[in-house]
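Subject: A structure for you to look at

Hi,

Here is the structure I promised to pass on. Please open it next to this email and follow along.

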Amino acid sequence: MLRRLSAGKETQGHLTGADADRALFFATVAGISCNETEEGMVLGAGDDADPQLYENAADEIMGYYGRVGAEDLEPRRQMILSRAAARVIASRQQAPTHLRSAMQADAVETLSQDTPHEGFFLTRSYRLRHPQFSGEMTEALTREVFVATDAALVLPYDPVRDRVLLVEQFRMGPFGRGDPYPWVLEPVAGRVDAGETPEETARRECREEADLELAKLEHVSSHYCSPGCSTEMFHCYVGLCDLPEGGKSHGGLEVEHEDIRRHIIDFETAMDMTRTGEINIGPLFALLLWLERERPRLTASA
């Protein structure tokens with residue numbers, strides 16, 4: 001795949017001069033090849049690469065050009081590409097509009113956009129106007145959004161033994177809120193990396209966090225976790241599997257500084273914790289309620 005990068009846009013061909021410098025910057029940050037030939041610089045991302053992924057990534061990457069060194073951005077590469085991948089998924093997987101408005105994003109008038117915070121995470125600020133249900137446009141509004149990746153979440157369930165696996169770990173959200181107990185119970189979860197489907201992420205995370213191979217994935221929902229301030233989309237699953245009696249009680253990747261404790265408990269114990277409030281993470285609460293409804297079907301076919 002040959003590309004030419006110019007002002008964040010891509011066209012076919014070779015590159016020379018300033019365009020070659022920009023291409024080298026883009027390729028270094030994106031982690032793709034950039035080879036010099038007699039005709040100029042040639043970018044190559046592989047025949048199986050998704051052009052839409054790199055087009056979305058180019059907007060963010062080239063925004064750093066001339067301000068941040070390519071080598072300083074390499075540690076952020078996976079997050080940059082994962083944010084781009086989330087935009088690709090968003091463009092290809094839309095929820096129905098039977099009751100809600102079918103007005104589309106291109107009806108929103110973006111007056112200006114900047115990035116007040118740019119690091120491992122991003123915050124974007126927009127000055128915009130959008131259509132109202134009356135048909136009129138709003139006045140100019142300033143709105144900020146936390147630009148996140150998509151995530152896959154899995155509740156491992158053993159339909160033969162009727163038990164689930166929960167993970168426990170320290171979380172910055174409760175800590176930053178002032179919760180005296182910032183260790184929480186959650187489903188297995190992880191970022192959807194570029195090049196992965198949410199289903200592939202779900203299976204990978206179960207291997208990494210819980211040392212589990214899933215027999216089947218049941219899709220529960222794909223939903224925004226906090227649409228007023230975050231782009232983050234959760235793809236939620238129940239993963240059918242064989243949960244052993246013993247096994248390792250700790251998991252996670254050392255390279256990501258994960259310290260995860262695993263709990264295998266029977267279904268009714270988990271449901272009791274939804275009533276006492278010990279389970280206070282929304283996706284886990286929703287997954288258990290879904291499992292309560294579908295449990296007769298799943299256990300009958302086990």
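Start with an open sheet of three strands, in the order β5-β6-β7, with antiparallel pairing. Strands here are DSSP runs of E with at least two residues, and helices are runs of H or I with at least four, both numbered from the N terminus. Two strands pair if DSSP finds at least two bridges between them. β5 (109-118) and β7 (141-147) are the edges. Each has a single partner strand, so one side of each has no neighbour in the sheet. From one strand to the next, the twist averages 25°. β6 (residues 122-129) pairs with β7 over seven bridges, in the antiparallel sense. In that pair, look for Leu-122, which stands opposite Val-147 in β7.

A note on the source: this is a predicted model, where local features need pLDDT of at least 70 and side-chain atom pairs count only at pLDDT 80 or more, while totals for chains, interfaces and linings use all residues. Residues are numbered from 1 along each chain as its sequence is written, and side-chain values use heavy atoms, with hydrogens and water left out.

Next, two helices. How are two packed helices described? By the angle between their axes and the distance between the axes. The axes of α1 (residues 17-30) and α2 (residues 51-63) come within 10 Å and cross at roughly 110°. Axes are lines fitted to C-alpha atoms, for helices over the stretch in contact, and angles run from 0 to 180 degrees between N-to-C directions. α1 and α2 are therefore roughly perpendicular to each other (65 to 115 degrees).

Which residues of α1 meet α2? They are Arg-22, Phe-25, Phe-26, Val-29 and Ala-30. On the α2 side are Tyr-54, Ala-57, Ala-58, Ile-61 and Met-62. Contact means heavy atoms within 4.5 Å. The residues of this contact divide into nine nonpolar, no polar and one charged.

Now find Glu-218, in strand β12 (residues 216-224). Is Glu-218 buried or exposed? Glu-218 counts as buried, because its relative accessibility is 10% (buried means under 20%, with a 1.4 Å probe and protein chains only). Beyond its neighbours within four places in sequence, Glu-218 is in contact with Cys-236, Tyr-237, Val-238, Trp-290, Arg-297 and Leu-298.

Last, the whole chain. Its secondary structure comes to eight helices and 15 strands. Of its 302 residues, 43% count as buried.

Best wishes

Definitions and conventions:
Buried means under 20% relative accessible area, exposed over 50%, partly exposed in between (1.4 Å probe, protein chains only). Angles under 35 degrees count as roughly parallel, over 145 as roughly antiparallel, 65 to 115 as roughly perpendicular and the rest as oblique. Ala, Val, Leu, Ile, Met, Phe, Trp, Tyr, Cys and Pro count as nonpolar, Asp, Glu, Lys and Arg as charged, and the others, Gly among them, as polar.
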